[in-house]
Amino acid sequence: MAFLRGKLFDVFSISPLQLFLDQIPDEQYSSIECNLWNEDAGCIKWLDSKQPNSVIYVNFGSITVMTVEHVVELAWGLANSNHNFLWITRPDLIMGESAILPPEFLTETKERGFIASWCPQEEILNHPSTAGFLTHCGWNSILETISSGTPIICWPFFGEHFVNSRKSCGEWGIGMELGSDFHRNDVEKLVKELMEEEKGKKMKEKALEWKKLAEESVNSNGSSSLNFNNLVNEVLLS
């Protein structure tokens, strides 16, 4: 931000935008949709049936793709963790193929797993049953997880994902990174760390601290609110 201010006349830091949106009554924007796929309403009903902080949510966004080998290793890592999981598998998740999971995996995890093609992510991250988020670390997902106070397991894929992962794990204290060429044992280990161990508890505490800061920034006297008002005055009213 300091670098940008040195190059530009006015820079206004405004975030997280979704917390501003949450302040607007639903009826004013609920008819506006921008999803690439239809959301599966069954996700929320399934989460409602689970205990608080008992589900790991898995979603790699709208662009990231995986190999068949990665999908299989991820599936069995989730299965072997023995924790509930909600996994979003887009039709184009696997490179050049439809996302088809091993039948044995589906049989073994049918009581504690829910597979969907798309979902209302912000609602899921704020659901009391959601304990953690396995993510590609796209900026939208990072902002939503910070706003919800949810710790993360990072599997960065390209671009800014690597910076976001490094910040989440190394500076903000809310994440753990899964290696690019991971195996099922790696997935199982990190899920258990997040869900069961002291490191996961500390990550949750840090995530809640960042959530509080995000909420304070959009209050009437918060930094983002003041910057937003300054932006409107500068661009529209001056």
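Which side chain does a polar contact join to that of Ser 165? The partner is Glu 177, and the contact between the two side chains is 2.5 Å. A polar contact is a pair of N or O atoms within 3.5 Å; within protein, one must be able to donate a hydrogen and the other to accept it, and residues adjacent in sequence count only if both atoms are side-chain atoms.

## Basis of the model

This is a predicted model, in which local features need pLDDT of at least 70 and side-chain atom pairs count only at pLDDT 80 or more, while totals for chains, interfaces and linings use all residues. Residues are numbered from 1 along each chain as its sequence is written, and side-chain values use heavy atoms, with hydrogens and water left out.

## The chain as a whole

The chain has eleven helices and six strands. Helices (H or I, at least four residues) and strands (E, at least two) are DSSP runs, numbered from the N terminus. Of its 238 residues, 46% count as buried. Buried means under 20% relative accessible area, exposed over 50%, and partly exposed in between (1.4 Å probe, protein chains only).

Contact means heavy atoms within 4.5 Å. Among contacts between residues at least 6 apart in sequence, 71% join residues at least 24 apart.

## Strands β1 and β4

Strand β4 (residues 130–135) has six of its six residues buried, so it is largely enclosed by the rest of the structure. Strand β1 is mostly covered, with five of five residues buried. The cover applies to both faces of β1: Val 55, Tyr 57 and Asn 59 are buried on one side, and Ile 56 and Val 58 on the other.

Two strands pair if DSSP finds at least two bridges between them. β1 and β4 are parallel partners over five bridges, and Val 55 has Thr 130 in β4 as its bridge partner. β4 in turn runs parallel to strand β5 (residues 152–154), to which three bridges join it. Leu 134 stands opposite Ile 153 in β5.

Ser 165 is part of helix α8 (residues 161–171) and counts as buried because its relative accessibility is 0%. Neighbours within four places in sequence aside, Ser 165 contacts Cys 137, Cys 154, Pro 156 and Glu 177.

Leu 194 belongs to helix α9 (residues 184–196) and is buried, at 6% relative accessibility.

Lys 204, in helix α10, is partly exposed at 24% relative accessibility. Beyond four places in sequence, Lys 204 touches Gly 149 and Pro 151. A C-alpha separation of 6.5 Å is found between Lys 204 and Thr 150, which are 54 residues apart along the chain.

## Two asparagines with positive phi

Most residues other than glycine have a negative phi. Asn 53, not a glycine, has a positive phi of about 55°. Asn 53 sits in the loop between α3 (42–48) and β1 (55–59) and is partly exposed, at 46% relative accessibility.

Asn 82 likewise has a positive phi, of about 65°, without being a glycine. The loop that holds Asn 82 runs between α4 (68–81) and β2 (84–88). Asn 82 is exposed, with a relative accessible area of 56%.

## The second largest pocket

A pocket is an open set of points on a 1 Å grid over the protein atoms alone, where a 1.4 Å probe fits, with protein on both sides within 12 Å along at least five of seven lines; lining residues have an atom within 4 Å of a point. Grid points are joined across faces, edges and corners, and a volume is the space filled by probe spheres set on the points.

The second largest pocket has a volume of about 370 Å³. Its lining consists of 14 residues, with Ser 15, Pro 16, Leu 143, Ile 146 and Trp 210 nearest its centre. Two or more lining residues come from each of α7 (139–148), α10 (198–217) and α11 (223–237); α10 gives the most, with four. The lining has nine nonpolar residues, five polar and no charged. Ala, Val, Leu, Ile, Met, Phe, Trp, Tyr, Cys and Pro count as nonpolar, Asp, Glu, Lys and Arg as charged, and the others, Gly among them, as polar.
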